[in-house]
Amino acid sequence: MNDSSAGSPEEAKLLKREGLDSVAGAFGYSGGEQLDKPDLGTRRRIHLRLTDDSGRPVEWYLKRYGPQPWPVRLRKWLVGAGGVSPAQREFQNIRRLQAAGVPTMRAIAFGQEVNLLGVRRSYVVMSAVPGDALERCLADFLRSCRPAELERFNAALVGLVRGLHGAGIVHRDLYASHIFLDEAADGPQLYLIDLARAFVPRWRRFRWRVKDLAQLKYSMPAEWVERHWEAFLDGYLAGAARNRRRWARAVDRKAASMLRRGRDDHPDKQQGAAVGRI
């Protein structure tokens, strides 16, 4: 069994008090709000609202990963990844992005059970981020924000994605649902979440980054894409203008492919928001 904590002493006390300092405790935990959605498989997500020993409110998320099918575990063992769980991967990705200065959650703790065929089950605890997902709040923000706020939002989005890719990391699920907007007093702040699938590609980095950008374009509101995507891409590619046409074409091809698949899967639903500008 492997366990690790990156929280403060107060958080370590709270983990122990709630029984979240071990795999057995995390899987036996019955509090919090279960967050269900389709295709979770053996994964479970739980929203925790707690109070620490000093009386301060604490908001965490607990992810639990049950045993994976034997073929999956065997395949991971054969490629040398049998000892790395999804929970450990997200824990490490959070810390990697924090080190790179990319706004995200804080990694609190993770644990995993390992046997001869790799990881049996694992869990990770992370902090919440302020605000709400762009998927839910950006349309209202665009209708009500002042020009200066919109300019700061666009600059923050460029900085977030450039920081992610500048650290050598690709997200693999860079949708508007995984970027949170906090309308703070000092201006819009953005945070990146859901890092379980993020990784550092050794090969085909252009392909992976294009996929991230296409996911973002596909999922943003059409109004924003129409008015601001070109400027976003210019900011993202700052210093690489001579390659802009290649990037733009590759992103548009990928986003168009995603749109076609979305319509096939949901023929009565307009998927994403890049419909107006692919």
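Two strands are taken to pair if DSSP finds at least two bridges between them, and strands (E, at least two residues) and helices (H or I, at least four) are DSSP runs numbered from the N terminus. On this basis, strands S7, S8 and S9 make up an open sheet of three strands in the order S7-S8-S9, with antiparallel pairing. Strand S7 (132-133) and S9 stand at the edges with a single partner strand each, so one side of each is left without a neighbour in the sheet. S7 is joined to strand S8 (residues 179-184) by two bridges, the two running antiparallel, and Ala133 stands opposite Phe180 in S8.

The model is a predicted one, in which local features need pLDDT of at least 70 and side-chain atom pairs count only at pLDDT 80 or more, whereas totals for chains, interfaces and linings use all residues. Residues are numbered from 1 along each chain as its sequence is written, and side-chain values use heavy atoms, with hydrogens and water left out.

The secondary structure of the protein chain comes to nine helices and nine strands. Of its 278 residues, 44% count as buried, where buried means under 20% relative accessible area, exposed over 50% and partly exposed in between (1.4 Å probe, protein chains only). The accessible surface of the chain, from the Shrake-Rupley method with a 1.4 Å probe and, for residues, with only the protein chains shown counting as cover, comes to about 14,500 Å², of which 49% belongs to carbon and sulfur atoms. Among contacts (heavy atoms within 4.5 Å) between residues at least 6 apart in sequence, 66% join residues at least 24 apart.

Strand S3 (residues 43-51) pairs with S4 in the antiparallel sense over nine bridges, and the bridge partner of His47 in S4 is Tyr61. These two strands, S3 and S4, form a hairpin with five residues between them, and Gly55 in the turn has a positive phi of about 85 degrees.

Side chains of opposite charge can pair when their charged atoms come close. A search of the whole structure finds 18 salt bridges, each defined as a side-chain nitrogen of Lys or Arg within 4 Å of a carboxyl oxygen of Asp or Glu. One of them is formed by Asp194 and Lys63, with the closest N and O atoms 3.3 Å apart. Asp194 lies in the loop between strand S9 (187-192) and helix H7 (205-219) and Lys63 in strand S4 (residues 57-65), so the pair ties together parts that are 131 residues apart in sequence; Lys63 is buried, with a relative accessible area of 8%.

In another salt bridge, between Asp234 and Arg244, the closest N and O atoms are 2.5 Å apart. Asp234 belongs to helix H8 (residues 222-236) and Arg244 to helix H9 (residues 244-265), so this pair ties together parts that are 10 residues apart in sequence. Asp234 is partly exposed, with a relative accessible area of 42%, and Arg244 also counts as partly exposed, at 21% relative accessibility. Elsewhere, salt bridges that share partners join Arg17, Glu18 and Asp53 into one network, within which the closest N and O atoms of Glu18 and Arg17 are 3.1 Å apart.

His165 lies in helix H6 (residues 147-166) and is buried, with a relative accessible area of 4%. Its side chain makes a polar contact with the side chain of Tyr236 (2.6 Å), a polar contact being a pair of N or O atoms within 3.5 Å, of which, within protein, one must be able to donate a hydrogen and the other to accept it, with residues adjacent in sequence counting only if both atoms are side-chain atoms. Not counting residues up to four places away in sequence, His165 touches Val170, Arg209, Asp212 and Tyr236.
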